[in-house]
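Here is a short tour of a protein chain, written to be read with the structure open beside it. Have a look around first, then follow along.

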Amino acid sequence: EELKDIESTLINIVKGEVNYLIKNRAGAYFDSYNNKANDVDLVTEIDKKVENIIRDALTFKYPAYGFIGEESYVKGESQLGTDKFWCVDPIDGTTNFVHGYPMSCCSIALVENGFPVVGVVSNPSLGQIFHASKGNGAFLNSEAINILPRQLILQKSLVAFEGGAERTEGPDGNFDAKMATLKSLLSDKGAHIHGVRCTGSAALNMCYVSMGLFDAYWECGVNSWDVAAGACILVEAGGILVGGMPQDWRIPLDNRCYLAVRGGSNPEEQRWFVEAFW
Ligand code: IPD
């Protein structure tokens with residue numbers, strides 16, 4: 001099946017009950033969420049319900065494809081032998097969802113030979129469906145994403161950053177190390193960046209970089225389901241993804257630190273930006 005048709009199928013899936021639940025149940029679980037790995041790693045029954053809706057729809061229509069979803073993923077499980085699989089975060093930004101802050105989305109990617117070739121990210125509270133497929137460009141709702149060709153330079157940038165929900169030692173969870181990177185961006189670089197923003201959703205950060213609202217997004221500790229769909233959208237919108245294992249989206253990821261940089265500038269500026277960032 002053509003990737004563009006798969007893109008349309010995914011849009012239709014999120015447009016139904018998925019969008020309805022994420023939009024209308026936001027804020028309703030403040031007293032009834034559960035914790036996963038720690039006190040700041042939240043899940044609600046809607047996360048699981050949305051994942052089941054998506055899994056049922058996709059496995060019915062595409063029985064041969066593998067499936068990885070945040071809520072049903074069993075640590076150590078791998079899709080290494082699968083050349084095509086779905087990579088799904090039913091609600092990315094679950095903390096926002098619990099609080100009713102309108103920055104939660106559903107993120108669905110089709111990963112083929114280690115790279116996301118179709119991506120759909122839907123934030124129903126803001127009426128935004130971002131979508132892309134390999135070679136077909138990136139869209140916000142029905143409009144193609146075209147970024148203004150303005151200068152890309154660290155000193156004039158707005159950067160999305162997330163602390164993440166992991167509280168472990170090592171680069172993915174170690175808060176001191178993440179804060180050191182943040183501090184260096186805000187104060188130690190030769191000239192300071194314009195500012196840092198946290199939306200609370202990795203997938204939406206990727207989309208907002210794709211459309212040029214942010215110049216870049218950096219996080220250590222993301223999982224494939226957080227960023228796979230956004231990566232397809234970003235690349236189709238001319239952006240780049242560095243760090244981590246951008247060419248290899250098989251689970252589990254070895255390196256979970258990513259820097260996403262917007263398009264709308266020449267590749268040289270993108271390279272300089274990446275060099276200046278580290
Ligand atoms: C989280 C969000 C958050 C990011 C974390 C993710 P979830 O996803 O995307 O912004 O910092 O790394 O785990 O748990 O809400 O699906």
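Let's start with helix 7 (residues 267-277), which lies across strand 12, strand 13 and strand 14 and runs at about 140° to strand 14. Helices here are DSSP runs of H or I with at least four residues, strands are E runs of at least two, and both are numbered from the N terminus. The angles run from 0 to 180 degrees between N-to-C directions, using axes fitted as lines to C-alpha atoms, for helices over the stretch in contact.

Before going on, keep in mind that this is a predicted model: local features need pLDDT of at least 70, side-chain atom pairs count only at pLDDT 80 or more, and totals for chains, interfaces and linings use all residues. Residue numbers start from 1 along each chain as its sequence is written.

What order do the five strands of the open sheet take? They go 11-10-12-14-13, with mixed pairing; two strands count as paired if DSSP finds at least two bridges between them. Strand 11 and strand 13 are the edges, each pairing on one side only. From one strand to the next, the twist averages 20°. Strand 10 and strand 11 run parallel and are joined by three bridges, and Leu158 stands opposite Gly195 in strand 11.

Helix 5 packs on this sheet too, touching strand 10, strand 12 and strand 14, and its direction makes about 155° with that of strand 12.

| Helix | Residues | Angle |
|---|---|---|
| Helix 5 | 202-210 | about 155° with strand 12 |
| Helix 7 | 267-277 | about 140° to strand 14 |

**Two domains**

Zoom out, and the chain divides into domain 1 (3-144) and domain 2 (154-277), with bounds from an automatic or database domain assignment. Their centres, taken over C-alpha atoms, are 20 Å apart. Across the boundary, 41 residues of domain 1 are in contact with 30 residues of domain 2 (C-beta atoms, placed from the backbone, within 7 Å). Strand 6 (115-123) is one of the elements on the domain 1 side, and gives the most to it, with eight residues. By class, that side has 22 nonpolar, 13 polar and six charged residues. Nonpolar means Ala, Val, Leu, Ile, Met, Phe, Trp, Tyr, Cys and Pro; charged means Asp, Glu, Lys and Arg; the others, Gly among them, are polar.

**Around the ligand**

Which residues come nearest to the ligand? Of the 15 around it, they are Asp92, Thr94, Glu162, Gly164 and Ala202, where being near takes a C-beta atom, placed from the backbone, within 6 Å. The shell divides into three nonpolar, six polar and six charged residues, and draws at least three from each of domain 1 and domain 2.

How values were computed: Contact = placed C-beta atoms within 7 Å.
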